[in-house]
Amino acid sequence: MEKRRENEPFVYEPYGDGPNSINGRKWAWKANLELNAALHWDKFYKSHQSSFFKDRHYLHREFPELLIESETPLKLVEIGCGVGNTVFPLLEVNPNLFVYACDFSETAIELVKKNELYESTKII
């Protein structure tokens, strides 16, 4: 970013790409969210706990392949599992499912592990 000279007047560029423009502020805001995603999601889950998103009890109808019965467990990876609003409803309809649950937020993962339906043999 180019520094302003001492006697140079401040110029507001609302539609340019400089640091004082709408685009410049949007970029800084977006960069902050991306660089500190885990921190922001931790704050979100500390505030809302597990009461913000609703459980997704319809997914087995949208993806019937998740109900396939086999001798070996069906493995599922959920990236961005949050507090388990997808994982737990799917485990209720298919107990032969094994889930790798991942999330940015350590707080969300802790809430998954505190859920009464959590089983360490079914979710990692």
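## Terms and model

Buried means under 20% relative accessible area, exposed means over 50%, and partly exposed lies in between, with a 1.4 Å probe and protein chains only. At 0% relative accessibility, Ser105 therefore counts as buried.

This is a predicted model: local features need pLDDT of at least 70, side-chain atom pairs count only at pLDDT 80 or more, and totals for chains, interfaces and linings use all residues. Residues are numbered from 1 along each chain as its sequence is written, and side-chain values use heavy atoms, with hydrogens and water left out.

## Overall architecture

The chain has five helices and two strands. Both kinds of element are DSSP runs numbered from the N terminus: helices are H or I with at least four residues, strands E with at least two. From the N terminus on, the order is α-α-α-β-α-β-α.

Of the 124 residues of the chain, 28% count as buried. Contact means heavy atoms within 4.5 Å. Among contacts between residues at least 6 apart in sequence, 53% join residues at least 24 apart.

## Helix α5

Helix α5 spans residues 106-114, and Thr107, Ala108, Leu111 and Val112 are buried in it. These residues cover an arc of only 145° around the axis, which puts them on the same side of α5. The arc is that of the directions from the helix axis to the C-beta atoms. An α-helix has 3.6 residues a turn, so residues three or four places apart point the same way.

What covers the buried residues of α5 includes α2 (37-48) and α4 (87-93). The face turned away from the buried side carries the exposed residues Glu106, Lys113 and Lys114.

## The start of α5

Ser105 is found in the loop between β2 (97-102) and α5. Ser105 caps the N-terminal end of the helix: a side-chain oxygen lies 3.2 Å from the backbone nitrogen of Thr107. A polar contact is a pair of N or O atoms within 3.5 Å; within protein, one must be able to donate a hydrogen and the other to accept it, and residues adjacent in sequence count only if both atoms are side-chain atoms.

Thr107 lies in α5 and counts as buried because its relative accessibility is 10%. Leaving aside neighbours within four places in sequence, Thr107 is in contact with Asp42, Tyr45 and Lys46. Not counting residues up to four places away, Ser105 touches Trp41, Asp42 and Tyr45.

## Second largest pocket

The second largest pocket has a volume of about 190 Å³. Its lining has 14 residues, of which Tyr45, Gly80, Cys81, Gly82 and Asp103 lie nearest the centre. The elements that give two or more residues to this lining are α2 and β1 (74-79).

The lining residues divide into eight nonpolar, three polar and three charged. Ala, Val, Leu, Ile, Met, Phe, Trp, Tyr, Cys and Pro count as nonpolar, Asp, Glu, Lys and Arg as charged, and the others, Gly among them, as polar. A pocket is an open set of points on a 1 Å grid over the protein atoms alone, where a 1.4 Å probe fits, with protein on both sides within 12 Å along at least five of seven lines; lining residues have an atom within 4 Å of a point. Grid points are joined across faces, edges and corners, and the volume is the space filled by probe spheres set on the points.

## Arg56

Arg56 is found in the loop between α2 and α3 (59-62). At 28% relative accessibility, Arg56 counts as partly exposed. Not counting residues up to four places away in sequence, Arg56 touches Asn85, Thr86 and Pro89.

A polar contact of 3.2 Å joins the side chains of Arg56 and Thr86. Arg56 and Val87 are 31 residues apart in sequence, yet 8.6 Å apart in space, C-alpha to C-alpha.
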